[in-house]
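Please look through the sequence and the model below before reading on.

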Amino acid sequence: GLDALQRAAAMVAQLDLFSENEELEEIASADLKYLLLPALLGALTLKQVDLSRRLEHLESARAHFWRFLKLCRSYGLGSFHLPAAGPPGEEGAGSPAPGGPAAARPSLVAMASSRQAKIERYKQKKELENRLASMKTFVESGQADEDQIREFYILQIQKWIGTSLEEIESIDQEMVILRSRGTAKQSSAPPHGTSQQVRAPLKPFILTRDAAQAKVFGAGYPGLPTMTVDDWYEQRRRQGVTSGQSAPPRTPGITDEELQKQQQEKKEEEDDEEALQKARNWDDWKDTHPRGYGNRQNVG
């Protein structure tokens with residue numbers, strides 16, 4: 001749509017269909033609809049969805065709407081106040097207005113007059129839409145004469161005048177927000193070269209008791225890498241993370257119960273008197289107390 005409108009606008013400019021020195025009566029009825037080209041260009045430009053170029057699209061759409069309003073003003077189509085050529089605060093964006101915040105604050109009288117103008121524009125828009133709806137079918141069917149066709153296009157232009165004024169007002173407000181947001185991002189950005197070093201994330205793994213469990217847990221989906229306790233201690237020791245106390249060496253494939261039994265046998269082999277005496281007492285107690293001794297609760 002934008003490409004078609006831009007080609008049409010280029011051809012209109014090449015043919016010099018409109019001039020600020022002409023009167024409205026000098027324009028042919030069939031050419032009146034081409035006055036809407038800048039307004040339609042502005043409306044379609046606002047529909048662009050590229051957020052990275054939003055400010056650029058707003059400036060382009062505002063220029064199209066302002067060009068349309070200026071052309072209508074020169075032909076005397078409607079009585080309205082022509083907005084400034086550029087958005088307010090564009091020349092000194094980011095700098096305070098002269099006179100301080102009090103000077104920039106709108107007065108109650110200006111706010112009331114602006115509200116009243118919006119109400120009047122809304123009423124005119126509704127009236128124009130009703131008149132256009134009643135004439136549209138008659139004009140499109142080809143039964144309307146030249147005067148009726150001319151009136152239909154003039155009503156369309158007057159409707160788009162109100163729409164253009166509303167769009168320029170909303171564009172100015174959005175541009176102020178976008179510019180302030182960009183200024184805030186620039187001020188909050190960290191200086192170059194002061195960014196903190198990003199630590200690489202740790203990969204998840206399954207910590208198992210021995211190599212046998214590592215084979216079992218590592219065989220299924222999603223197949224996370226497995227690691228025994230000894231491997232984990234060794235890896236942490238190489239990284240210098242663990243403290244001076246190291247885990248006792250363990251033979252792969254031996255459970256805690258077997259390890260405890262080996263330690264007990266080792267103590268007995270080293271002639272530990274306390275361990276030998278404890279073992280002898282335990283053997284003597286088992287000789288005089290058979291298995292199940294003292295359990296008399298379930299006697300029938």
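Is E129 buried, partly exposed or exposed? E129 counts as partly exposed, at 27% relative accessibility, where buried means under 20% relative accessible area, exposed means over 50%, and partly exposed lies in between, computed with a 1.4 Å probe on protein chains only.

## Basis of the report

This is a predicted model, in which local features need pLDDT of at least 70 and side-chain atom pairs count only at pLDDT 80 or more, while totals for chains, interfaces and linings use all residues. Residues are numbered from 1 along each chain as its sequence is written, and side-chain values use heavy atoms, with hydrogens and water left out.

## Salt bridges within and between helices

A salt bridge is a side-chain nitrogen of Lys or Arg within 4 Å of a carboxyl oxygen of Asp or Glu, and by this rule the count comes to eight. One of them joins R54 to E174, with the closest N and O atoms 2.9 Å apart. Because R54 lies in helix α3 (residues 54–74) and E174 in helix α6 (residues 146–188), this pair ties together parts that are 120 residues apart in sequence; helices here are DSSP runs of H or I with at least four residues, numbered from the N terminus. R54 is buried, with a relative accessible area of 18%, whereas E174 is partly exposed at 28%.

E129, the residue of the opening question, is paired with K126, and their closest N and O atoms are 3.9 Å apart. The two are three residues apart in helix α5 (residues 108–140), which means that about one helical turn separates them. K126 is partly exposed, with a relative accessible area of 39%.

A further salt bridge links E151 with R131, where the closest N and O atoms are 3.0 Å apart. E151 lies in helix α6 and R131 in helix α5, so the pair ties together parts that are 20 residues apart in sequence. E151 is partly exposed at 34% relative accessibility, and R131 is partly exposed with a relative accessible area of 34%.

## The largest nonpolar core

A nonpolar core is a set of buried Ala, Val, Leu, Ile, Met, Phe, Trp, Tyr and Cys residues joined through side-chain atoms within 4.5 Å. The largest one has 42 residues, and L35, F68, Y75, L77, I157 and I161 have the most contacts inside it. Helix α6 gives the most to this core, with eleven residues.
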